[in-house]
Amino acid sequence: MTISTNPHDDDKFHEECGVFGVWNHADAAALVALGLHALQHRGQEASGIVSLSEGGVFHTHRGLGLVGDIFGDAKVMAGLKGRAACGHNRYATTGETALRNVQPLYADFEFGGFAVGHNGNLTNAQGLRRALVKRGCLFQSSTDSEVFIHLIAISLYTNVIDRLIDALKQVQGAYSLVALHDGALIGARDPLGVRPLVLGSMPNLGGQSSWILASETCALDIVGAEFVRDIEPGELVVIDATGLKSIKPFAQTASRFCIFEYIYFARPDSVVEGTGVYESRKLIGAELARESHVAADVVVPVPDSGVPAAMGYARECGVPFELGIIRNHYVGRTFIEPTDQIRHLGVKLKHSANRAMLEGKRVVLVDDSIVRGTTSKKIVEMVRQAGAAEVHMRISSPPTTHSCFYGIDTPSRRQLIAAQHSIEEMAKLIGVDSLAFISLEGLYRALGQNGRNADKPQFCDACFTGDYAIPLTDWPAEQAHAATPELLPGQ
Ligand code: AMP
């Protein structure tokens, strides 16, 4: 993820990413490219692959753009030699779109080359960076992930795994890492397991197993690998010639997996922490229908992210599910375009009304979240223009009132419509006849929990509650605000 030198001068320092690694396969880099393609939804700005061939020789290729464009060239792939490789997809909304920020990051150490790809967001990277720079470390990029490299470099341990553990013990934040050095592929998850990381395996031509590490199971499916298990929160797996070793360097704590992965971020065909994302979204939609039923003729999803929740909603209330909005798949996510003006335009480019399904109807529009409110406002306008008699909006997440500091791209609270307005005000601004969000309790129920245990919540839900489980060391003001949300404007 990209940081500016001043943590407070930029409200869009967050980044979402996907990671993938392969150990012991003749086509390691090609598998990584396929895996990254399946993880494209986690980051569309840039991608990189680092491969490792005989004698500890590393090969790197990084580029800006989509995986298919960067790695679609046979010459590029031919250069990524070796039986082990790791890769990374990056999504940054501002900051530098520079090649130097594209991961995996690579460095030559006294013990040889080391590459690392990071999904998540560190919350003390700015402080660490300042201290490291004072000690003489020369940073090459503006990504927070680079602190891993320098912490490993200055570690007094001799063994590379001990050095990495030494580094992990100094960082705070969310991380799922895939790293590669001459001798091992390494996977690691932060002690709370905020971001996902899974282990897979597949037989190779030599009759042995190839190992895969991936952000999501959909990336195992694309290469035909079998899901083995989730990497556990706080766990390091070291995969080398002798097999797989699990190391747990941290004291055990209750995990806090990101609830937003279920709501929006993960691909619906992925199984996350033992639960299918698609099914979860349908259950959330059903719970939403029970909580906020409204008389209607048709349930219409805001595609694509609203589709499974709308299906669950429609089935639960017995109202027909119809594709009243058609999505054009040849434009990126609206979030990717940097300015507000373009973001407005992006919504129009991306969605069109299917008039036949809307005209004269009482429409329930289902979407997964409202962040700034820009998308919803445009969609509602479009649905009304297509002749809908009533427009009711139902959202399969609670109001997003707080920014994410752990690796999901949300803007500052100033721009979060739910942080600034009541639900009634939001309904007016968006232009709907009624607006309802699933309750936090309902969301937990839909995810198979007995409601939210306030002392020990099962998920990280900071974007809905301000309950930041990992200290926001680089953003003390945000931590203070989180504790006193009523002091913020518009609350
Ligand atoms: P907004 O116009 O800011 O309210 O955008 C809300 C829309 O963006 C919803 O349809 C979501 O599916 C989508 N969305 C929510 N969170 C994110 C995110 N972190 N990155 C990209 N898109 C998102």
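Tutor: Let us begin at a helix end: Asn159 caps the N-terminal end of α6, with a side-chain oxygen 2.6 Å from the backbone nitrogen of Ile161. Such a polar contact is a pair of N or O atoms within 3.5 Å; within protein, one must be able to donate a hydrogen and the other to accept it, and residues adjacent in sequence count only if both atoms are side-chain atoms. Helices (H or I, at least four residues) and strands (E, at least two) are DSSP runs, numbered from the N terminus. This is a predicted model, in which local features need pLDDT of at least 70 and side-chain atom pairs count only at pLDDT 80 or more, while totals for chains, interfaces and linings use all residues. Residues are numbered from 1 along each chain as its sequence is written, and side-chain values use heavy atoms, with hydrogens and water left out.

Student: Which residues of α6 are buried?

Tutor: Buried means under 20% relative accessible area, exposed over 50%, and partly exposed in between (1.4 Å probe, protein chains only). By that rule α6, residues 160-168, is mostly covered, with 7 of its 9 residues buried. They are Val160, Ile161, Arg163, Leu164, Ile165, Ala167 and Leu168.

Student: Which elements do the buried residues of α6 pack against?

Tutor: Contact means heavy atoms within 4.5 Å. On that basis, the buried residues of α6 pack against β6 (112-122), α5 (146-154), β7 (173-181), β8 (184-189), β12 and β13.

Student: In what order do the strands stand in the open sheet of 6 strands?

Tutor: Two strands pair if DSSP finds at least two bridges between them. The pairing in this sheet is antiparallel, and the order is β5-β6-β7-β8-β12-β13.

Student: Why is one side of β5 and of β13 left without a neighbour in the sheet?

Tutor: β5 (105-109) and β13 (243-247) stand at the edges. β13 pairs with β12 (residues 236-240) over 5 bridges in the antiparallel sense, and in that pair Leu236 has Ile247 as its bridge partner. One side of β5 and of β13 is left without a neighbour because each has a single partner strand.

Student: Is β7 enclosed or open, and how many of its residues are buried?

Tutor: On one side of β7, Gly173, Tyr175, Leu177, Ala179 and His181 are buried, and on the other so are Ala174, Ser176, Val178 and Leu180. Both faces are therefore covered, and β7 is largely enclosed by the rest of the structure, the buried count being 9 of the 9 residues.

Student: How many bridges join β7 to β8?

Tutor: On its other pairing, β7 runs antiparallel to β6 with 9 bridges, and His118 stands opposite Leu177. β7 and β8 form a hairpin with 2 residues between them, and Gly183 in the turn has a positive phi of about 135°. Ala179 has Ile186 in β8 as its bridge partner, and the number of bridges joining β7 to β8 is 6.

Student: Now for the ligand: how much of its exposed area does the protein bury?

Tutor: A side-chain N or O atom of Ser305 is 2.9 Å from an oxygen atom of the ligand, and a polar side-chain atom of Asp367 is 2.6 Å from one. Arg372 uses a backbone N or O atom, 2.7 Å from a ligand oxygen. Accessible areas come from the Shrake-Rupley method with a 1.4 Å probe; for residues, only the protein chains shown count as cover. Taken alone the ligand exposes 500 Å², and the protein buries 96% of that.

Student: Which helices each supply at least two residues of the shell around the ligand?

Tutor: There are 17 residues around the ligand (a heavy atom within 4 Å), and Asp367, Asp368, Arg372, Gly373 and Thr375 come nearest. The helices that each supply at least two are α8 (259-265) and α12 (374-385).

Student: Is Thr400 buried or exposed?

Tutor: Thr400 sits in the loop between β21 (390-395) and α13 (417-420). Leaving aside neighbours within four places in sequence, Thr400 is in contact with residues including Ile370, Cys463 and Phe464. With a relative accessible area of 2%, Thr400 is buried.
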